[in-house]
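Dear colleague,

Please find below the structure that I am handing over to you. I would be grateful if you could read the notes that come after it with the coordinates open.

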Amino acid sequence: MQYVKLQIGCLIVILYIVVTYIRATLKSKFICNKFFDALMIVAPWAVFFDGFTAWTINHLEIVPSWVNKFGHLFFLIFMDLTIIVTALYMLDQIVGFCKTHKLKNLLLLIPGIISLVLIAAGINQLEYIQGKTTFYSMGFSARVCFVSLFAHYGVILYLVGVRHKYLAKEKKFGTVSILIIVGLILALQIIFPEILLTSICPTILLLGIYIEFENPSIKKLTLYNDNMVESFANLVENRDSNTGGHIKRTRAYVNLILHKMRHDKKYKDIMNKDYLVNVSNAAPLHDIGKIATPDYILQKPGKLTDEEFAIMKKHAACGGEIIKDTFKNLEDEEFEKIAYEVARFHHEKYNGKGYPQGLAGEQIPLHARIMAVADVFDAVSQKRCYRDAMPLDQCFSIIEKGSGTDFDPQIAKIFLDSKDEVVRLMER
C-alpha cells in the first residue's frame with residue numbers, strides 16, 4: 001500500500017471529475033469536446049498502471065517478469081496517449097482544426113504514432129533500478145515518453161507565444177500554467193527518479209483543463225450568453241419586417257469568408273478558434289442599433305429623405321453603445337470588443353467615406369470589414385419593401401465595383417472567388 005498511496009489519491013480526484021462532468025453534461029445542451037472525452041478515458045488508466053507498476057516493481061520476487069513488462073508497456077502507452085490527447089486539445093483551443101482539411105489534421109497525429117511505436121519497440125530495454133527507498137524503472141521507452149511530452153507541449157507553448165496577441169488572456173494563462181506545472185513535475189521526476197510523481201501529471205492535466213476550459217457551469221453561462229445574443233438579434237429582425245432572414249444569411253456569409261481567410265497566409269495568425277467563434281457570434285448583432293430607429297423609418301416603403309437617412313445612420317453608433325452597456329458584465333472582453341466594433345463600424349467604407357467615424361483602410365477593424373461585404377451583398381440580393389431583389393450577377397458586380405472603395409479589396413476578392421458557395425448558401 002505504501003507504494004500506491006499517491007496513485008489512489010489521484011484516481012479519486014480523476015473519478016470525481018469524470019462523474020461530475022458526465023452528470024452535468026447529461027442535463028445540458030452544450031456540445032462536449034471530443035478530446036476532453038478522450039482524456040477522461042486515458043488519464044485514469046495512466047494513473048492506474050502507474051500505481052500497478054509502482055507495486056510490481058517493488059515486488060519483483062513474486063511478480064512474473066512478463067506481468068511487470070506488460071504493466072510498464074500499458075503505463076507508458078497510456079501516459080503518452082494522455083500527452084498526445086492534451087496536446088491535440090490545446091491545439092484545438094488555440095488554433096482550431098479545419099474540418100475540410102482532414103488529411104492535414106491526420107498528419108498532426110504522426111509524431112504521436114511514432115512515439116507510441118518506439119515505446120512498444122523499446123519496452124524490453126527497461127531497467128529496474130533500486131533507489132534508497134524504492135525501485136524505479138528507466139530505459140529507452142521511458143525516455144521516449146519524456147521526449148514526447150517536451151516535444152508536444154513545446155509546440156503548444158511556441159504557438160501560444162507566436163499567437164499571444166490574438167488569444168484571450170484566460171486561455172493564454174490557463175494553457176501556460178497547466179504546461180509549466182506539468183513540466184516542473186516531470187523535471188523533478190527526471191532529476192529525482194525514485195520520487196514517483198508521474199501520476200500527478202495526468203491528474204493536473206485533467207483537473208486544469210476541467211477548471212479552465214470544460215467546467216460545465218462556465219459552459220452553461222456561455223450557452224446562456226449565446227442564447228441572449230440570438231434573442232437580441234431576433235428582436236431586431238422582428239421589428240424590421242424588411243430583413244427577413246438577413247441575420248442568418250449574413251452570418252453564413254461571414255462564416256464563409258472567415259473559413260476562406262483561415263487558408264490565407266496574411267490572416268493565419270489572427271484566424272484562431274476564439275476569433276472565428278467571436279466574430280460568428282457577433283455577426284447577428286451588427287444591426288442591433290436599429291432597436292432605437294423609429295418604425296416609420298424602418299418600414300417605410302419608399303426612399304428615405306435626407307433627414308430620415310440621417311436618423312437611420314445613427315443605428316451603427318447606437319448599436320455599439322447598446323453592446324457596451326449590455327455585455328460589460330459578461331467578463332468576455334474579446335467578444336464584447338468584437339461585437340462592439342462589428343456593430344459600430346460595419347458601415348465604414350475602405351475609402352474613408354462611410355459612417356459613423358469616416359475610418360479608412362485598415363483603421364476599420366478586420367471583422368467590421370468582413371461584415372460590410374456580407375451585409376451589403378445580402379441587402380441588395382433580397383427583396384425589400386422599397387425595391388425588388390437585384391439579379392445575382394448585379395449583386396456580385398456591386399461587390400466587385402466597390403472593391404478598394406467601399407470594401408477591403410482582399411476580402412471582396414475572397415468573397416467573389418466563392419460565388420458558387422455563396423449561391424448554395426442562399427439556396428439553403
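Predicted model: local features only at pLDDT ≥ 70, side-chain atom pairs only at ≥ 80, totals over all residues.

Residues are numbered from 1 along each chain as its sequence is written, and side-chain values use heavy atoms, with hydrogens and water left out.

Overall make-up

The protein chain has 18 helices and two strands. Helices (H or I, at least four residues) and strands (E, at least two) are DSSP runs, numbered from the N terminus. The C-alpha trace spans about 95 × 35 × 35 Å along its principal axes. Of the 428 residues in the chain, 48% count as buried. Here buried means under 20% relative accessible area, exposed means over 50%, and partly exposed lies in between (1.4 Å probe, protein chains only).

Strand E1 (residues 127–130) pairs with E2 in the antiparallel sense, over four bridges; two strands pair if DSSP finds at least two bridges between them. Glu127 has Met138 in E2 as its bridge partner. Strand E2 (residues 135–138) has Tyr136 and Met138 on a covered face, whereas Phe135 and Ser137 are on an uncovered one.

Salt bridges

The structure holds eleven salt bridges, each defined as a side-chain nitrogen of Lys or Arg within 4 Å of a carboxyl oxygen of Asp or Glu. Three of these pairs are described here.

In one of them, Asp274 is joined to Lys171, with the closest N and O atoms 2.7 Å apart. Asp274 lies in helix H11 (residues 273–282) and Lys171 in helix H7 (residues 169–191), so the pair ties together parts that are 103 residues apart in sequence. Asp274 is buried, as is Lys171.

A further salt bridge is formed by the side chains of Asp378 and Arg249 (2.4 Å, N to O). Because Asp378 belongs to helix H15 (residues 366–381) and Arg249 to helix H10 (residues 246–261), this pair ties together parts that are 129 residues apart in sequence. Both Asp378 and Arg249 are buried.

The side chains of Lys300 and Glu308 also meet in a salt bridge (2.7 Å, N to O). Lys300 counts as partly exposed, at 22% relative accessibility, whereas Glu308 counts as buried, at 12%.

Surface patches

Patches are made of residues with over 30% relative accessible area and no salt bridge; like charges are joined within 9 Å, and nonpolar side chains (Val, Leu, Ile, Met, Phe, Trp, Tyr) within 5 Å. Accessible areas come from the Shrake-Rupley method with a 1.4 Å probe, and for residues only the protein chains shown count as cover.

A nonpolar patch on the surface is formed by Leu103, Leu106, Leu107, Leu109, Ile110, Ile113, Ile114, Val117, Leu118 and Phe140, with about 890 Å² of accessible area together. Two or more residues of this patch come from each of helix H4 (102–107) and helix H5 (110–121). H5 gives the largest share, five residues. Leu118 is placed in helix H5 and counts as partly exposed, at 34% relative accessibility.

A patch of negative charge gathers Glu170, Glu212, Asp332, Glu333 and Glu334 on the surface. In this count Lys and Arg are positive and Asp and Glu negative, with His and the chain ends not counted; the place of a charge is taken as NZ of Lys, CZ of Arg, CG of Asp or CD of Glu. Asp332 is found in the loop between helix H13 (306–327) and helix H14 (333–345). Its relative accessible area is 35%, so Asp332 is partly exposed.

Single sites

A cis peptide bond joins Tyr355 and Pro356, with omega at about 15°. Pro356 is placed in the loop between H14 and H15.

Thr86 lies in helix H3 (residues 65–94) and counts as buried, at 1% relative accessibility. Thr86 and Ile209 are 123 residues apart in sequence and 8.7 Å apart in space, C-alpha to C-alpha.

Asp325 is found in helix H13 and counts as exposed, at 52% relative accessibility. Asp325 and Val423 are 98 residues apart along the chain, and their C-alpha atoms are separated by 37 Å.

With kind regards
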